[in-house]
Amino acid sequence: MAIAGNPNCGKSTIFNALTGLRQKVGNYPGVTVEKKTGRFFGSHGEAMELLDLPGSYSLQVRSPDEAVARDVLLGRQADTPRPDVIICVVDASNLERNLYLVAQMLELNIPIVVALNMVDVAEKNGVVIDIMALREKLGVPVVAMVATKGVGLIELRQAVSRSPLPPPTIWTQMPIVLEREVMGLAKQLPVAPDIARAEALLLLTLHEAALDEVTHHDRTVIQATKAAQQRLGTAGIDPISAPVDARYDWIGQVCAAAHHTGDGHYATSISDKLDAWLTHRVWGWVAFLGMMALMFFCIFFVAKVPMDAITNGTDWLAKWVGDHLPESDLRGLLTDGVIAGVGGVVVFLPQILILYFFLGILEDTGYMARAAFIMDRLMSKAGLHGKSFIPMLSSFACAIPGIMATRTIENRKDRLVTILVAPLMSCSARVPVYTLMIAVLMPAHSALQKAGIMLIMYFLGGAVAFGMAWLFKKKLLKGETPMLLLEMPPYRMPSWKGVALRMWERSGLFLRRAGTVILALSVLLWALATYPKPSDPKATPSEALAQSFAGRMGHALEPAIKPLGYDWKIGIGLIGSFAAREVFVGTMSIVYSVESKDKEDITPLRDTMTNEKRSDGTPMFTPLVCIGLMVFYVLAMQCISTVAVVRRETNSWRWPLFQIFYMTGLAWVGAFLVYQGGKLLGFH
Amino acid sequence: MTTDAGETLSSLPLGQKGRVLGFALPPEHRQRLLEMGLTVGAQFEVIRFAPLGDPIDIKVRGYHLSLRKNEAAGVLVARL
């Protein structure tokens, strides 16, 4: 059994209400579309599997999500059997548009139960729907519901428990010429007879470019389709618009019979009044910036409290294990590899939970659509979509929740570009590096001047992100600019249960999918910094690191980073912090053998670095090297957690590898320009 | 102003009601607009513009739909 419906129709609420916590989240094979299933019990206690199909406007698909919904319903999705019953959720307050998908579903020959949701909202708007008339006109069971209050759930359970439900008997009649072509084409299709008509109609209504991309039918079928389209054209029937017009005409008749609008004159809704403020030319910005500031503040500062607690906890655990195990490789593996790795994963949870709390509320209330509405103009300058804004903003705190938030972007290219540039936003993990380098650069300057430099780095990251987004859209992922069609749903109260469920689900997914990769890579990096062991057992940590694989890689890297003004010691720092930027500070402490009691206090390290000399006796950390290093960290990927998440979100290694490559390249070029350009201009 | 030919959705002022006459858009865009209920003959009202003037929010078939001026310029309309 499957549950389908338009976006914003309350489908998830009904799904959650039916299945509660008996939900499973996975992926459809080969695509990043989420597959959500849950179990619920019918009115006689019989267990049923319910599949939550992605929200769609039409079976004539525009996004990967919609494609999955279509493929499941047509039995094309390999791992998912064709559902035996569809619960089609319809927003009563937006009946006409919602019935469009129902009209298409009725053509599929699968028994349907219509869940007419939000009847209370419709009534408030002065629309009373005659359920009996709607049932008669649609020819399928209709259940009136207010899912947020649990109204109609029992009736819905009853309706779907009645077995066997008959397939629909009523659907839209197409113009006779079109109907004839549909039947003709249907006969040629190698599909089950019960869906042949629906398949044929979908094919006939595809425009030429889309037809050429069809892969699930062979060329003869495509040729037959094109020939049929041509015949329709000569008969004066546009295959693109004729079925849509026919369905909306039919919907018009259904609504005329079932819709009892009051006197057609009702007051402006609360939602419209709110929008007058929230999308106002001035107040709209104030509200938007205020909300974004609050969200950013919570991700950046409020999350710091539990994050520090987690860091302290893992430090304590590592110390405890260190105290209770004899000195051995196993101890090193546990404390520096496993515990540090697990800690490095768990430490992101507070930010992810907070972000999903906000995203859930923004999405549920309908504000997300307004945010996209407000930001679209600006984002479109870089070829992006209004919905790219929130992921980019979140990435200032941490790219991981930011990249996970790109799921709200329907268009695949827009989403990919957003993912590719999101890690360029300066995240909180860069702050320790910036702080250290600024301290070395200008030890005596005021906090304000230091903050100024930091701000410039933030600005640089943002500017490069926009520039790269523009470039990617222009060169790499070119093709037609997808059109923006944004439904602005009425404002609603968020469903706290739904928000909580999403937070739970997201964090679980993050831990399982990204966590495993992060852990594995942490262990790998530990091994690189540990082996081979120094022959002299009394070697200092600094000496041990210098001749480990990581140290040797630092040496090997020296020719590549010499033009940036770096030596092999900085090379070790770069390699050590490949897993996580903030590790740079710790690695440099080991490299320079700086023992510090308080990890937070960077003064001893700063002094050591300030006094560090090149072989010719000149200072190592000149202003240009310091600025160059900061620029390097603004632009470089240097975060395996992000790599793992990008791998998960794009479902391939191709994009994360590309991302490492291009960002590291940018970082090198940036640092090179600072160092060599600065020298040319007479700085040092 | 009277209903002169060649008027598009993007040129309508705030609060203007109109009716769709046709499209000058690539088929895939036209199809989705049609499916979203903006069929030929459908009536709509320009509700508001985004703070930066683009996109446009219209009310059609009882719900709010936003589209960019770029696409709106391909929707041929008559004022009502």
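This is a predicted model: local features need pLDDT of at least 70, side-chain atom pairs count only at pLDDT 80 or more; totals for chains, interfaces and linings use all residues.
Residues are numbered from 1 along each chain as its sequence is written, and chains are lettered from A, with ligands numbered from 1, in the order in which they are written.

An open sheet of six strands, with antiparallel pairing, has the order 10(A)-4(B)-3(B)-2(B)-1(B)-5(B); strands here are DSSP runs of E of at least two residues, and helices are runs of H or I of at least four residues, numbered from the N terminus, and two strands pair if DSSP finds at least two bridges between them. Strand 10 (485–488) of chain A and strand 5 (75–79) of chain B stand at the edges with a single partner strand each, so one side of each is left without a neighbour in the sheet. On average, and with direction ignored, neighbouring strands of this sheet are turned by 40° against each other, the axes being lines fitted to C-alpha atoms, for helices over the stretch in contact, with angles from 0 to 180 degrees between N-to-C directions.

Within chain B, strand 3 (residues 56–60) and strand 4 (residues 63–67) run antiparallel and are joined by five bridges, with Val60(B) standing opposite Tyr63(B). Between the chains, four bridges join strand 10 of chain A to strand 4 of chain B, again in antiparallel fashion, and Glu487(A) has Leu65(B) as its bridge partner. Helix 17 (residues 367–381) of chain A lies across strand 10 of chain A and strands 3 and 4 of chain B, running at about 135° to strand 10 of chain A.

Across the interface, 28 residues of chain B are in contact with 30 residues of chain A, contact meaning that C-beta atoms, placed from the backbone, lie within 7 Å. Helix 1 (27–35) and strand 4 of chain B each supply at least two residues of the side of chain B that touches chain A, and helix 1 of chain B gives the most, with eight residues. The residues of this side divide into 10 nonpolar, eight polar and 10 charged, where Ala, Val, Leu, Ile, Met, Phe, Trp, Tyr, Cys and Pro count as nonpolar, Asp, Glu, Lys and Arg as charged, and the others, Gly among them, as polar.

Chain A is divided into domain 1 (2–161) and domain 2 (176–235), with bounds from an automatic or database domain assignment. Eight residues of domain 1 of chain A are in contact with nine residues of domain 2 of chain A.

Notes: Two residues are in contact if their C-beta atoms, placed from the backbone, lie within 7 Å.
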